[in-house]
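Have the viewer open and follow along.

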Amino acid sequence: MGQANRRAVIDLGTNTFHLLVADVEETVINEVYRERRYVKLASEGIETIGQQALQRGMDALIHYAEVLRELGCDDVLAFGTAALRTASNGPEFVSLARRRTGIDVTIIPGDEEARLITKGVLAALPPLDDRILIMDIGGGSTEFVIADRTGVHYSQSFPIGIGVLTNEFHKSDPIAPDEVKRIHAYLAATTAPLTEALIRYPTTHLVGAAGTFEVLTDLLPAGAPGATSVSHELEVARFTPLRDRLYASTQDERLLMDGLPPERADMIVAAFVLVDYVLNLLPVERVTVSGYAMKEGILLSKL
């Protein structure tokens, strides 16, 4: 093994800012420190980030900068995704972050985000023996990748993050059946290229990465152990009863659910509508949750 390099990645997502510090040794990621802070940049809309949301984001970055100083890590990569690339004041946030923390934030396009997610997810899985659909749900966008052992066949980022879906469609508490139908109709129209790609490259194996699937891991009993230490399978049959329970719940009831972080109680319903739509888009037989996503893909891309 070669000498380890300590590196940090900050993922400035629409809902959550993540910090990962790791010692990277060849292709092995040895985690040193991990933290997430819910900033909800799109709480007042994704076209312009509200001042309170901007302050929450800046407070998180200031805290992360302090953590990095304590850990003696100055090899830092910070990437902004959907909210910062969409909002009119995204560049203002980037400039302020540099002045206040010394952290340079790079805003990446959706196709680059999908590439980095793919790199991270594939590192968490054993060599592929089937074709997979990778799905990474964010607050402002959701990335889809179709891949198999021969490579990536399709990759696209769509502006259908759960913050967007919640703000646009989820008005009732509990969610109204008509709102669910409207989300499905919107998804069908927006993700038509994905539907066409799945006709060309069909699959029965969904691989989920990042926040929503981490929550699914806590809410659903685990199925078969994954073939690696950073991936595992879910019991697909348990999804529908949990979906129905969430659809019928109020936010106050969701705040009391075991395994559901309070910070996600407002957006988890839209997330389940999105996952349910994809599960019905293809005949899913397996759902694997990857413990790696974009952050790990960024670390491995530096090798």
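## A walk through the fold

Let's start at Val 278, which sits in helix α11, residues 268-281. Keep in mind that this is a predicted model. With a relative accessibility of 1%, Val 278 counts as buried, because the cut-off for that label is under 20%. Leaving out residues up to four places away in sequence, Val 278 touches Leu 133, Met 135, Phe 144 and Leu 206. Leu 187 is 91 residues away from Val 278 in sequence, yet the C-alpha atoms of the two are 9.3 Å apart in space.

Now zoom out. The protein has twelve helices and twelve strands. Its radius of gyration is 19 Å, close to the 19 Å that the globule rule gives for 303 residues, so the protein is as compact as a globular protein of that length. Along the principal axes, the C-alpha atoms fill a box of roughly 50 × 45 × 35 Å. Of the 303 residues, 53% are buried. Among contacts with a separation of 6 or more, 66% come from residues 24 or more positions apart.

Next up is helix α1, which covers residues 51-71. At 1.5 Å a residue, its 21 residues should span 30 Å, and the end C-alpha atoms are 30 Å apart, which agrees. Buried residues in α1 include Ala 53, Leu 54, Gly 57, Met 58 and Leu 61. Further along the helix, Tyr 64, Val 67 and Leu 68 are also among the buried ones. What covers them? The cover for the buried residues of α1 includes strands β1 (5-12), β2 (16-25), β3 (28-38), β4 (76-80) and β5 (105-107), along with helix α3 (90-101). Just after α1, Gly 72 takes a positive phi of about 65°.

At the other end of the numbering is α12, residues 294-301. Seven of its eight residues are buried, so this helix is largely enclosed by the rest of the structure. The buried set consists of Met 294, Lys 295, Glu 296, Gly 297, Ile 298, Leu 299 and Leu 300. These residues pack against β1, β2, β3, β4 and α4 (110-124).

A few backbone angles are worth a look:

| Site | Angle | Value |
|---|---|---|
| Gly 72 | phi | about 65° |
| Lys 40 | phi | about 50° |
| Asp 173 to Pro 174 | omega | about 5° |

Lys 40 has its positive phi although it is not a glycine. Lys 40 lies in the loop between β3 and α1, and it counts as buried at 17% relative accessibility. The bond joining Asp 173 and Pro 174 is a cis peptide bond, and Pro 174 is in the loop between α5 (162-169) and α6 (177-190).

One more proline to finish: is Pro 159 buried or partly exposed? With a relative accessible area of 48%, Pro 159 is partly exposed. Pro 159 is found in the loop between β8 (151-158) and α5. Setting aside neighbours within four places in sequence, Pro 159 is in contact with Gly 140, Ser 141, Val 164, Tyr 186 and Thr 190. Thr 190 is 31 residues from Pro 159 in sequence, and their C-alpha atoms are 8.3 Å apart.

Note on methods:
Residues are numbered from 1 along each chain as its sequence is written. This is a predicted model: local features need pLDDT of at least 70, side-chain atom pairs count only at pLDDT 80 or more; totals for chains, interfaces and linings use all residues. Side-chain values use heavy atoms; hydrogens and water are left out. Helices (H or I, at least four residues) and strands (E, at least two) are DSSP runs, numbered from the N terminus. The radius of gyration is taken over C-alpha atoms; the globule rule is 2.2 Å times the number of residues to the power 0.38. Buried means under 20% relative accessible area, exposed over 50%, partly exposed in between (1.4 Å probe, protein chains only). Contact means heavy atoms within 4.5 Å. The expected span of a helix is 1.5 Å times one less than its number of residues.
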